[in-house]
Amino acid sequence: MRWQSLTHLNLGSNNLSGEIPESIGSLFSLKAFHLHNNSFSGGIPLSLNNCTFLGLIDFAENKLTGNIPSWIGESTHLMVIRLRSNEFFGDFPQQICRLSSLIILDLANNRLSGSIPRCLNNVSAMATIPSAIDDKFSTLKFSIYLGLQRSSLGYREDLILVVKGRKSTYTNILPLVRIVDLSCNNLSGGIPIEISSLFGLQSLNLSQNHLMGRIPENIGVMKYLESLDLSNNHLSGEIPQSITYLTFLSYLDLSYNNLSGRIPSSTQLQSFNPLDFIGNPELCGAPLLKNCTENEGPQGDENVEGSERSWFFIGAATGFIVGFWGVCGALLCKRAWRHAYFKFLNNTKDRVHVVMTALKWSWVCYHFRRYHMISLGCLRGCNQEGREERGGGES
């Protein structure tokens, strides 16, 4: 090829096949390269590394195979990597973490394995709030001047992206989009907490992998997140309470995991479809029909209560031991205290005996007087009846 000044090459949506030629590396000025929706096979040619100004790679929906090349991390101008729906395999390339200008990473529907690298927080373009003023994407734009008419024909990049479960074409707002899509691979391990440092991310799709562990507790700091899909994994534990802070969230799918506990309460979460939470047998609360019992409250609260009870019993036992031996030790060591203590007990015993005896005699005297008064009353009544009978006989 002799087109060294070529900056944009779009061969997408054709019936092209075969391998990407090595000679493509001679296009030193290339900035955007589209080969999507074809039937290319083989791997990504090493010579493409010579295109040092490359800012966009769109090889989606082909039959490309092999490992994603490590040199891709040396292309510091890369802002878009779209390699979805191919046959790439091997570990997730750690070198992608070096791409500080990356705003779109779409590796979905391949056979990538290994874990999600913790260094993704180094992708600073995703860690900042999208702004039309800071438009690094402008380097991919160009205008064609039409000579004497003093007019120009502008060219803007466009991409077909899968967001919120559907395909959409992005053109004008493409510079403001921040997406990570690693769905439909063989990724394992946990979701690194560092991924929550990507504050500007708008769409995160990690579905249909083999991810385990808990959803990061601080996921709520990703306040610009509009779409979150973690479905069809092996995630466990509770849904973090901080997820209620995602006020822009309009698409959520946590189905078919091993999540448990109560779904956090917020107007937004309860408005989602129950199918977005289905397949988690231990999950309860709205919008699911399964109600939470008292025993199915948050495990974190149970742990706190259990810890408080443990410390209560430890404190009570410690206080009893200190108090018991503090008194008994003093009595054992001090003879005068011991004599005074037992003398006090004897005096107390005598006082109690006197009081109890007095109470007993008071009780006896009370009942004796009561019985005496009842008997006397009966005797007087009998005498009165006898006199009445005699008076009646005389008459």
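I began with Cys-184, which I found in the loop between strand 15 (179-181) and strand 16 (186-190). Strands here are DSSP runs of E with at least two residues, helices are runs of H or I with at least four residues, and both are numbered from the N terminus.

I noted that this is a predicted model, where local features need pLDDT of at least 70, side-chain atom pairs count only at pLDDT 80 or more, and totals for chains, interfaces and linings use all residues. Residues are numbered from 1 along each chain as its sequence is written, and side-chain values use heavy atoms, without hydrogens and water.

Next I looked up the backbone. Phi of Cys-184 is near 55°, a positive value in a residue other than glycine. Most residues other than glycine have a negative phi, and most peptide bonds are trans. Cys-184 is partly exposed, at 26% relative accessible area. The cut-offs are under 20% for buried, over 50% for exposed, and in between for partly exposed (1.4 Å probe, protein chains only).

Then I turned to Ser-85. Its loop runs between strand 7 (80-82) and strand 8 (87-91). Phi of Ser-85 is near 55°, again positive without being glycine. Ser-85 is buried, with a relative accessible area of 19%.

I also checked Pro-287. The peptide bond from Ala-286 to Pro-287 is cis, with omega near 10°. Pro-287 sits in the loop between strand 23 (282-284) and helix 1 (299-333).

Last, I took the whole protein. I found two helices and 23 strands. Of its 395 residues, 38% count as buried.
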